[in-house]
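User: I should like to learn how to read a structure of this kind. Please take me through it feature by feature.

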Amino acid sequence: MKLHEYQSKQIFNKYGIPIPKGRVAATAQEARQIAEELGGRVVIKSQVLVGGRGKAGGIRLAKSAEEAENLATQILSMEIKGLPVRKVLVDEAASIASEIYLGITNDRAARRPVMMASAAGGVDIEEVAAKNPEKIIKVHIDPLLGLRDYQARDIAASIDLPREHWRIFGQIARGLWDAYVACDATLAEINPLVITADRRIVALDGKMVLDDNALFRHPDLAEMRDLDVEAPSEIEARKYGLSFIKLDGNIGCMVNGAGLAMTTMDIIKLFGGEPANFLDIGGGASADKVAAALRIILSDPNVKAVLFNVFGGITRGDEVARGILAALAEVKTNVPMVIRLVGTNAEEGRRILADAKMITAETLADAARKAVAVAQAA
Amino acid sequence: MSILVDKHTRLLVQGITGNEGLFHTIQMVEYGTNVVAGVTPGKGGEWVLDGKIPVFDSVKIAVDTTGANTSIIFVPARFAPDAIYEAADAGLELIVCITEGIPVQDMMRVRSYLDQKGVRLVGPNCPGLLTPGEAKVGIIPGDIAIPGNVGVVSRSGTLTYEVLYALKLVGMGVSTCVGIGGDPINGTNFIDCLRMFEEDPQTEKIVLIGEIGGTDEEKAAEFISDYLTKPVVSFIAGQTAPPGKRMGHAGAIVEGGAGTAVEKVKALQAAGVRVASHPEEIPGLLS
C-alpha cells in the first residue's frame, strides 16, 4: 500500500526528520489560507499516487497567496495519469543548494534491508541506478541490529556530504530507519533531501510503501489507503480476502493458488485467448468467498466465459463446489463456465456439481482450449 | 534416498488443534508420516486423533518428550514468527512453515536469526514437502505423486500439484518435492534444493518451477550451468502478469522492469535448461 507524500512526510517528521512547513488542502481557499500563513511563497503539490507529477504540471511554485489559490484551483481540477487530484500539499518554498537521495528498501536477494544514498538526488533514482550505478551508495542493515551510527556516518562520507551536516544527517538516517521499521514499510524514501541556501537539511519529498501483510498491526495506517488507485472490483475483492487483479481480456479465471492462477492466465493466452483477470481464491476458500469471487468476475461485461481451475490442497474440492452452486443460485448468468477440479476431495466436489450446467475438463490444457473456444463462439 | 524428509522424520505439528492444522495432521498421518507430537499453547495434556498424538504447551517440552526432529507450522501469520523462533530455540533441525501472510520485515529478522543458529526453514507461504511413499510434511495431496527419480522444487503450491499430477499420469515418480514458498524472503531457495538434489543418489532429473519476481531463478540458472550434472526442466509462471502488480504471492511482482518471466526463461535456457510452455509439457521434456 502506497502512502501519499504528505502522509509519508508527516510520519518522517514524527521520527525527527525535518520537513518544510506546510499542510494539505482539499480546496483552493484552504490552499490560499495556508499560503498566507507561510508568507506567500509556496509550492503547490498534487497528491496522487503516481510518478511524474512535476512533468504533468502537478507541482507549481506560487509567489503569493493569490497565485497559490489560482494554481491550487488548476491543480485540483487535474487528472494525472488517470487519477483525479483530490488534495494538494502547500509547502513553504525552499531555496535549494544541493539535493541528495536517501531511501531504505528490502533487498530480496540479500534478504535484508538496504539503505541507499546518492549525491545525485532529485531525479528518478531508478534512472541513476541504471545509468550510473556507481553513484548510488548501498549499505545493508542487519534487521536484528538496526542501523548503526557508523553506517550513517559512512554513508554521509561516501556521498561527500560536508562534515558540518553529518550529525543532522545521522539523525535523519536514524529517523528514516525507525519510520521504516515502525510502519512495516517496504520502501521509505526521501527524494530529494535538500541542503538549503541557509544550510539546513530538509526532506522536500517523501514516499512510503507499506507491507500489506503487516497492516493488521497498523490499523491507523491502513485507514490511509487511497482507493482511487484501485479498480472497484479489486477493492470489493479485498473485502472477501480474495487476491484479484483486473485485466483486459474476456475469459474470467477463478483459481486456487497464485502460481496456478498465473499459469491459468498464461495458458489461456498460449491457446489464443485473453484472460480477464487474475484471481486467487486462496487457501481454505469458503462458499461465501467463492460466491463473491464469481460475482466480481461476472461484474465485468467483457467476460464471455469463466474458467474454474481448482487443485485441492488446503482448499477442498467439495467446499469450492458448494461455493460455486451457491454463487450460481444467486448470480443468474448465461456466461458459459468451464470447470476443472482435481486434488483433495475433488471427487465429492464433482458429485456436488454434477447437475450444474458446466463444461468439464480433465487437464489444464483441455480446460484452457474449451474456455477459449466458448469465449470465441460467444 | 530423498532430501530433507523421509521415513526417519519425527514430525511435530505447531498449531495442531486449529482447523487447518488438524485437517492436515490427519492427512499426513494417513499418508504414513510419523507425527509424534503437537503443540498448542494452553492445550498441553490433550490428545488428538483418538489419543494417538499428544499435545504439548511448548515445542521444547514436545521435543524433549517425543524426540521430534522436524516441525511443521500451521499457526496464523501474526503468531508464526514466534512459532519459528520457538522451534529453532528448541533445537529442531528442520522447520517447515505453511503460513501465508507473514510481514516481510518479520521474515528478514527470522531469517537472520535462523542463519546464525544454522537451522533450516522451508517456507513460509509454502505447501511443504513430499517424499512419495515415505513422508508428507505439509499439505501436498499425497495421492498425486508416486516414488521415483525426479526431484521437484517450486515457489508455488497448487501449480506444483499440477506438475506432480502430470508426472504421475505418465508414470513418472518423484524423489522429493519441495515447495519453497511464494514470499520474497524465505528460508530455503532454489540453489539450496538444487545442491541437495545433485547430491541425492535417488534423484536423476530435476524440475524447477519458478514465477515472476526477484532474481532467484536467474541465480539458479547460474548455479545450474556452473555445478549441476543432472538435467533440469523448468516452467516459469506469470508470462501474462502486468508489471507493478503483486500476483497473489507476496514475492510475485515485476518491479522496475526486473523479475519478468521472459528474463528468467532466457537465463534458464542459456544454462541448458529446457523450459516448458505449460506445466503439462514437463513430463515430455523430462523423458
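This is a predicted model: local features need pLDDT of at least 70, side-chain atom pairs count only at pLDDT 80 or more; totals for chains, interfaces and linings use all residues.

Analyst: Residues are numbered from 1 along each chain as its sequence is written, chains are lettered from A and ligands numbered from 1 in the order in which they are written, and side-chain values use heavy atoms, with hydrogens and water left out.

User: How many residues of chain B are in contact with chain A, and what area do the two chains bury between them?

Analyst: The size of an interface is often given as the accessible area lost when the parts come together. Contact means heavy atoms within 4.5 Å, and buried area is the accessible area (1.4 Å probe) that two parts lose on being put together, summed over both. Here, 59 residues of chain B are in contact with 52 residues of chain A. The two chains bury about 4400 Å² between them, of which 60% is on carbon and sulfur atoms. In chain B, the residues that lose the most area to chain A are B:Gln105, B:Met108 and B:Thr240, together 14% of what that side buries.

User: How many salt bridges does the rule find across the interface of chain B and chain A?

Analyst: A salt bridge is a side-chain nitrogen of Lys or Arg within 4 Å of a carboxyl oxygen of Asp or Glu. The rule finds three across this interface. A:Glu234 and B:Lys245 meet through their side chains in a salt bridge, at 3.3 Å from N to O.

User: How is a helix to be read, taking H10 of chain A?

Analyst: Helices are DSSP runs of H or I with at least four residues, and strands are runs of E with at least two, numbered from the N terminus. The expected span of a helix is 1.5 Å times one less than its number of residues. The twelve residues of H10 (287–298) of chain A should therefore span 16 Å, and the end C-alpha atoms are 17 Å apart, which agrees.

User: How many residues of H10(A) are buried?

Analyst: Buried means under 20% relative accessible area, exposed over 50%, and partly exposed in between (1.4 Å probe, protein chains only). Nine of the twelve residues of H10(A) are buried, including A:Lys289 and A:Leu294.

User: Which residues does a cis peptide bond join in chain A?

Analyst: A:Asn191 and A:Pro192 are joined in this way, with omega about 10°. A:Pro192 is in strand S11 (residues 185–196) of chain A.

User: Is A:Arg111 buried or partly exposed?

Analyst: A:Arg111 counts as partly exposed because its relative accessibility is 27%. Its phi is near 60°, a positive value in a residue other than glycine.
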